[in-house]
Amino acid sequence: EQQKKKSKNMSQGVGIRSLYDFQHKKLPRPILPSSPDVSCGGHFSPSCEECPQGNGAAWCNGECVWNKEQQKCLTMPGKWNYTHPDYRALVSVGPFQEVVNQDDVRVNIILVKRPLEPNEINTWALFKKYKNDILFLGISSFEMYPRSSPNPFSSNFTNDLYTTIYPGFLQMERNPEQIFPKEVKTVLLSESDFKLDISLEKSFAFEKKEKKKKKKKGTASLKKRYDWVYSGTDQDVADNCVGWSSYAKNWSFALEAMEVMCSPEFNLKGVVIASKNKQNTTACTIPPQCKGKVLQTTFLPQDEVFDYILESKFLFIPQIDDASPRVVTQALALNRPVLMNQNIVGGWKYINKKTGEFFHDLSNFRQSLSNILENERNQRYQPRQYVMDHLGNEKAGMAFLKFVKDNFGHRVNIPDNTRYLLPGSS
């Protein structure tokens, strides 16, 4: 009853902010966006038939295939055969993400990867129109979604909205039965469980180079440049790290932890990624005792972030209101352990004796910090092996496929040769 009252109270004004809004507010007729251009290989065109531009088969690649008999460029057979006719256009809409199998064949499932903004009225209308023809599932990859975030810089909604409107959810809650209604099917999977091949390949390549360096220097081990690394996301530098991103990354606690890590007791060197503006002229304030011990960087491309992780002993994750930070599994795949806030909403499932340490707050941070340093020094962690044993496209994808078959097999036509499913690129 209290939730229903809250839903009604939040329904004042424009947009969808509650289950009550979704059930009672009238939405306009949805406008389907035009389908995005297809990849012809080295260029894009509105359709495969338009790819050649008079150049024949040489310009018919990517998502298309050249038909010799018809002398035409046609859509590659099978890629879209299992989806609704409007699927391609729908997955070009912001929060909607396609689902593919191991052969990049689309299936008739759309993942909703973040909350819809209350004023994304056309997106809400599209969802309402197609939700019975296409299987829409939620997936945890943003803040506390499907729950509303306490972040003061985020849009609020009632917790009954996204936990109810999808028939299933790939989620990260410790106790999903306390969050979702019984009729909503759930599985312990997150966006961060997938697509870890690049991180794994980079870790093996790095170790190969390190092995050559050690052989050349005649030493058993090489000292890492940094002790820890903390990855921000364009940390609201103009406002001295006060804003949406900094709140999401728990910057206020990170500063307290830095004081400990930089203190004479530990005297550690670290990297704080994305705590300088893009012009590299202004940085967020860090504790004075960290001067000369902490490198602050601008927002970096992923490959450069990986380089810093590889040059560090461990990844520091102080977040709480985070659905499952992708950088955690990437760091584990790079064979680096993680020091994680035990209160984090998602990502907690990755930490065990082989992958890192938890801390609860500042009261036990020193002990956890000492533990990860000692265990790293004695090579007790095996984070990359954990990733290869439990995560990645094949392992997580097989769990995703089983979840769909067990609960929604009557709604989705899955290609016979499908071994696993995974979130697509949209």
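**Close-up views of a predicted model**

**View 1. Helices H7 and H10 cross within 11 Å of each other.** Welcome to the first close-up of this predicted model. Here the axes of helix H7 (residues 251–262) and helix H10 (residues 362–377) come within 11 Å and cross at roughly 45 degrees. Two packed helices are described by the angle between their axes and the distance between the axes. Angles from 65 to 115 degrees count as roughly perpendicular and those under 35 degrees as roughly parallel, and H7 and H10 are therefore oblique to each other. Their crossing is right-handed.

**View 2. Residues from H7 and H10 meet in a contact.** On the H7 side, look for Phe 253, Glu 256, Ala 257, Val 260 and Met 261. Their partners on H10 are Leu 362, Phe 365, Arg 366 and Leu 369. If you sort the residues of this contact by type, you will find seven nonpolar, two charged and no polar.

View 3. S10 pairs in the parallel sense with strand S13 (residues 312–317), over three bridges. In this pairing, Trp 228 stands opposite Phe 314 of S13. S10 also pairs with strand S11 (residues 270–273), again in the parallel sense, over four bridges. There, Val 229 stands opposite Val 271 of S11. As you follow a strand, keep one idea in mind: in a regular strand the side chains alternate between the two faces of the sheet.

**View 4. Six strands form an open sheet with mixed pairing.** Trace the strands in the order S9-S8-S7-S6-S5-S16.

View 5. Strand S6 (residues 106–112) is joined to strand S7 (residues 135–139) by four bridges. For a landmark, find Ile 110, which stands opposite Phe 136 in S7.

**View 6. Helix H12 packs on the sheet.** Which strands does helix H12 (residues 393–408) touch? H12 touches strand S5 (96–101), S6, S7, strand S8 (168–171), S9 and S16. The direction of H12 makes about 105 degrees with that of S16.

Note on methods:
Residues are numbered from 1 along each chain as its sequence is written. This is a predicted model: local features need pLDDT of at least 70, side-chain atom pairs count only at pLDDT 80 or more; totals for chains, interfaces and linings use all residues. Side-chain values use heavy atoms; hydrogens and water are left out. Two strands pair if DSSP finds at least two bridges between them. Helices (H or I, at least four residues) and strands (E, at least two) are DSSP runs, numbered from the N terminus. Axes are lines fitted to C-alpha atoms, for helices over the stretch in contact, and angles run from 0 to 180 degrees between N-to-C directions. Angles under 35 degrees count as roughly parallel, over 145 as roughly antiparallel, 65 to 115 as roughly perpendicular and the rest as oblique. A crossing is left-handed if the near helix is turned anticlockwise from the far one by less than a right angle, and right-handed if clockwise. Contact means heavy atoms within 4.5 Å. Ala, Val, Leu, Ile, Met, Phe, Trp, Tyr, Cys and Pro count as nonpolar, Asp, Glu, Lys and Arg as charged, and the others, Gly among them, as polar.
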